Amino acid sequence: MKHIIATIAVAIPLLFTAACAETTDGTAADGSSQGENTKKPKYTSSQEAAIGAAQNYVDTMPFSRKGLVDQLSSPAGDKYPKKDAVFAVNHIKVDWNAEAVEAVENYQATMPMSEQAMYDQLTSPAGDKFTKKQADYAIKKAY
């Protein structure tokens with residue numbers, strides 16, 4: 001009886017290990033590719049938090065790339081290290097032209113201005129910090 005229990009105690013872990021092992025063609029026993037469900041890029045906690053903050057910002061209001069980096073890294077803003085702010089902005093999906101159009105539409109709804117004043121606001125280092133190309137695109141779309 002003790003021999004049967006000892007055999008079962010050894011056999012069960014071996015069966016479990018075999019069920020989870022890779023097959024000879026590089027797939028796991030369940031058919032998934034090697035590493036398919038465990039490979040996730042490793043980011044620092046600051047990078048992950050900055051990515052979340054960056055995504056929240058662009059989901060809530062229009063930002064230029066530079067404006068978003070500045071917001072994330074500003075002592076008066078989120079206070080992330082600049083390298084983490086840049087990292088975060090590089091790791092979110094954003095259409096910067098669409099952000100510029102949204103900024104123009106928001107300004108038009110609350111404080112209408114001439115095209116030149118709008119351009120200056122969008123491209124100003126003290127304003128929205130969009131590129132000239134993004135500002136041109138947005139103004140052509142909105143006016």
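Trainee: Why does Gln134 count as buried?

Mentor: Its relative accessibility is 12%. Buried means under 20% relative accessible area, exposed over 50%, and partly exposed in between, with a 1.4 Å probe and protein chains only. At 12%, Gln134 is therefore buried. Before we go on, the ground rules: this is a predicted model, where local features need pLDDT of at least 70, side-chain atom pairs count only at pLDDT 80 or more, and totals for chains, interfaces and linings use all residues. Residues are numbered from 1 along each chain as its sequence is written, and side-chain values use heavy atoms, with hydrogens and water left out.

Trainee: Where does Gln134 lie, and what is it in contact with?

Mentor: Gln134 lies in helix H7, residues 132-142. Helices here are DSSP runs of H or I with at least four residues, strands are runs of E with at least two, and both are numbered from the N terminus. Leaving aside neighbours within four places in sequence, Gln134 is in contact with Trp96, Asn97 and Ala100. Contact means heavy atoms within 4.5 Å.

Trainee: What makes H5 oblique to H7?

Mentor: Take the axes. They come within 8 Å and cross at roughly 55 degrees. Because of that angle, H5 is oblique to H7. Axes are lines fitted to C-alpha atoms, for helices over the stretch in contact, and angles run from 0 to 180 degrees between N-to-C directions. Under 35 degrees counts as roughly parallel, over 145 as roughly antiparallel, 65 to 115 as roughly perpendicular, and the rest as oblique.

Trainee: Which residues of H5 and H7 make the contact?

Mentor: From H5 come Trp96, Asn97, Ala100, Val101, Val104 and Gln108. From H7 come Gln134, Tyr137, Ala138, Lys141 and Ala142. By class, the contact has 7 nonpolar, 3 polar and 1 charged residues. The classes work like this: Ala, Val, Leu, Ile, Met, Phe, Trp, Tyr, Cys and Pro are nonpolar, Asp, Glu, Lys and Arg are charged, and the others, Gly among them, are polar.

Trainee: What is the handedness of the crossing of H5 and H7?

Mentor: Right-handed. A crossing is right-handed if the near helix is turned clockwise from the far one by less than a right angle, and left-handed if anticlockwise.

Trainee: Why are H2 and H3 called oblique to each other?

Mentor: Their axes come within 11 Å and cross at roughly 130 degrees. H2 and H3 are therefore oblique to each other. H2 also passes H3 in a right-handed crossing. The contact is made by Ala50, Ala53, Ala54, Tyr57 and Val58 of H2 and Leu68, Gln71 and Leu72 of H3. It has 7 nonpolar, 1 polar and no charged residues.

Trainee: What makes Ala135 buried?

Mentor: Its relative accessible area is 0%, so Ala135 is buried. Ala135 sits in helix H7. It touches Tyr119, Leu122 and Thr123, not counting residues up to four places away in sequence. Ala135 and Val101 are 34 residues apart in sequence, yet 8.0 Å apart in space, C-alpha to C-alpha.

Trainee: Why is Glu105 called partly exposed?

Mentor: The value is 44%, so Glu105 is partly exposed. Glu105 belongs to helix H5. Its C-alpha is 6.8 Å from that of Ala142, 37 residues away in sequence.

Trainee: What about phi of Lys79?

Mentor: It is near 65 degrees, a positive value in a residue other than glycine. Most residues other than glycine have a negative phi. Lys79 lies in the loop between H3 and H4. At 58% relative accessibility, Lys79 counts as exposed.

Trainee: How do you know that Lys129 is partly exposed?

Mentor: Its relative accessibility is 23%, so Lys129 counts as partly exposed. Lys129 is in the loop between helix H6 (115-123) and H7. Its phi is positive too, about 70 degrees, although Lys129 is not a glycine.

Trainee: Which residues are buried in H4, and what do they pack against?

Mentor: In H4 (residues 82-90), Asp84, Ala85, Phe87, Ala88 and Val89 are buried. The buried residues of H4 pack against helix H2 (45-60), helix H3 (65-73) and helix H5 (96-110).

Trainee: And how many helices and strands are in the protein chain?

Mentor: There are 7 helices and 0 strands. Buried residues make up 29% of the 143 residues.
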